[in-house]
Amino acid sequence: MKRHQNLLLLIAVVLLAALPLWLVERPLGPDGQPAEIFGGADSEAQALITRIAPDYQPWFQPLLEPASGEIASLLFALQAALGAGFIGYYLGCARTREKLRREQRRGEAAARREDEDQEGPAC
Amino acid sequence: MHIMEGFLPIEHAVGWSVAAAPFVAWGIRSVNRRIRENPEQRMLLGVAAAFTFVLSALKLPSVTGSCSHPTGTGLGAVLFGPAAMAPIGAVVLLFQALLLAHGGLTTLGANIFSMAVVGPFAAYGIFALARRLKASLAVSVFLAASLADLLTYVTTSVQLAWAFPDPVGGFGASFLKFAGIFALTQIPLAISEGLLTVVICNALARFNPQELQDLGVAPAPEVRA
C-alpha cells in the first residue's frame, strides 16, 4: 500500500514539473522574436534589482565561475548524484536489515513451533 | 532563493551574516551532541543532508515560465530539529557559492538565513502544530516541507525588498515585485518538495520504524501500520 502511495506521489511530482512545459506559452520579446523562457528565478531577481536600482554596482565577483553552461550542469548533476547515491545506499541497507530481521523473527517462531510439536506427543 | 554574489549592499551582507552565524553555531553543537549520544543516527543525518543536496540541485520549471529549485530542508528539520539544518544548509550553499557561482560568499549569510534558518524553523513548527492537531504523519510532513520551502522564498523576497526598496512604492511595492518572481514561481515547486519529502518519509517509516520512533517523529503503532 505504501509503495503504491509513493508511486502515485512520484507521478504527481513528474506531472507538476512537466505541465508547465506544456502550459506556458513562449512570450514574444521586444523584437517580435520568441523570447527566452524558463530562465532561473535567481537571475530574474538580479535583473529586477538592476531595474529598481540602476546605479547599483555589485561590489564582489564570484571567485570561480563555471567555464560554461555545460560545466555548470555537470556540477549540478554531480551534486544531485552524490545526494541520491547516498540516499539509495542507505535505503538499500535499511531494507535488507529490516528483511533479515523479519526472517530471523520468523525463524525463531518456527523453531518454537517445532519445539512445541516435539513436546506434544511426549506428554 | 540564491541572492547573487555582490548583490546585497555591504551593510545588509554583514547584517545577515551576523544574524545567521549563531544559528549555524547552535546547529553544529546540536549535531555534535546528537552524534555523541546516538552514534547510530549518523547515517540518518547523512540522509537529511543528502536530501538537501539532491533537491537544491533540481531546477524545475514552474507555471510562471521560469525555473527555480526546492530546498530539501524540511526533512532534516522534522527528523533532527530545526537547528541541525543550519550547518547542513550552509555546506550546500557554500558548495554552490564556491564551485557554481550560484549564490555567493558575500550573500552567504542572507542565503543561509532564508534556506537554512527560516525554512527549517518553519518546518519544525508547522510539523509540531499539525501533529498536535492530530494530522497524520504524511499530511504533517507534507505541510511542513512545502510551507518551509515557500517561506524560504518569501524570506528572500523580504531580504531583497529591504535592500532595494522601490523608488516610488518603497518596501511594499518592491516586496510584491520580488515575491512575484520568487514566491509565485515556488508554489508548484513547494508542492513537489512536500510530496518528495512524504515519499522519503514513507520509505524511512517502512524500513526504519525503530529510528523514527527513537527520534520521536512517529509513535510505534502508526509507523508499523
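Let me begin where the two chains join: strand β1 of chain A, residues 39-40, and β2(B) pair in the parallel sense over 2 bridges, where strands count as paired if DSSP finds at least two bridges between them. Helices (H or I, at least four residues) and strands (E, at least two) are taken here as DSSP runs, numbered from the N terminus. Within this pairing, G40(A) stands opposite C67(B), which belongs to β2(B).

Before I go on, please keep in mind that this is a predicted model, in which local features need pLDDT of at least 70 and side-chain atom pairs count only at pLDDT 80 or more, while totals for chains, interfaces and linings use all residues. Residues are numbered from 1 along each chain as its sequence is written, and chains are lettered from A and ligands numbered from 1 in the order in which they are written.

The pairing belongs to an open sheet of 3 strands in the order β1(A)-β2(B)-β1(B), with mixed pairing. β1 of chain A and β1 of chain B stand at the edges, each with a single partner strand, so one side of each is left without a neighbour in the sheet. α7(B) packs on this sheet, touching β1 and β2 of chain B, and its direction makes about 40° with that of β2(B); such angles run from 0 to 180 degrees between N-to-C directions, with axes fitted as lines to C-alpha atoms, for helices over the stretch in contact.

Turning to the contact between the chains, 52 residues come from chain B and 51 residues from chain A, where two residues are in contact if their C-beta atoms, placed from the backbone, lie within 7 Å. On the side of chain B that touches chain A, α7(B) gives the most, with 17 residues.

Next comes α4(B), which has 15 residues and reaches 21 Å from its first C-alpha to its last, close to the 21 Å expected at 1.5 Å a residue, the expected span being 1.5 Å times one less than the number of residues. Its buried residues include M85(B), I88(B), V92(B) and L93(B); a residue is buried if 20 or more other C-beta atoms lie within 10 Å of its own, exposed if 12 or fewer, and partly exposed in between, with C-beta atoms placed from the backbone. The buried residues of α4(B) pack against α1, α2, α3 and α5 of chain B.

After α4(B) comes A101(B), in the loop between α4 and α5 of chain B, and its phi is near 50°, a positive value in a residue other than glycine. A101(B) counts as partly exposed, because it has 19 C-beta neighbours inside 10 Å. In chain A, F38(A) also deserves a look: its phi is near 60°, a positive value in a residue other than glycine, and its place is in the loop between α1 and β1 of chain A. F38(A) is partly exposed, because 16 other C-beta atoms lie within 10 Å.

Which residues touch the most other members of the largest nonpolar core? Of its 95 residues, they are V78(B), I112(B), A123(B) and V141(B), a nonpolar core being a set of buried Ala, Val, Leu, Ile, Met, Phe, Trp, Tyr and Cys residues joined through C-beta atoms within 7 Å. Leaving aside neighbours within four places in sequence, I112(B) is in contact with residues including A86(B), G89(B), A90(B) and L93(B).

Finally, T96(A) lies in helix α3 of chain A, residues 69-122, and is exposed, because 11 other C-beta atoms lie within 10 Å.
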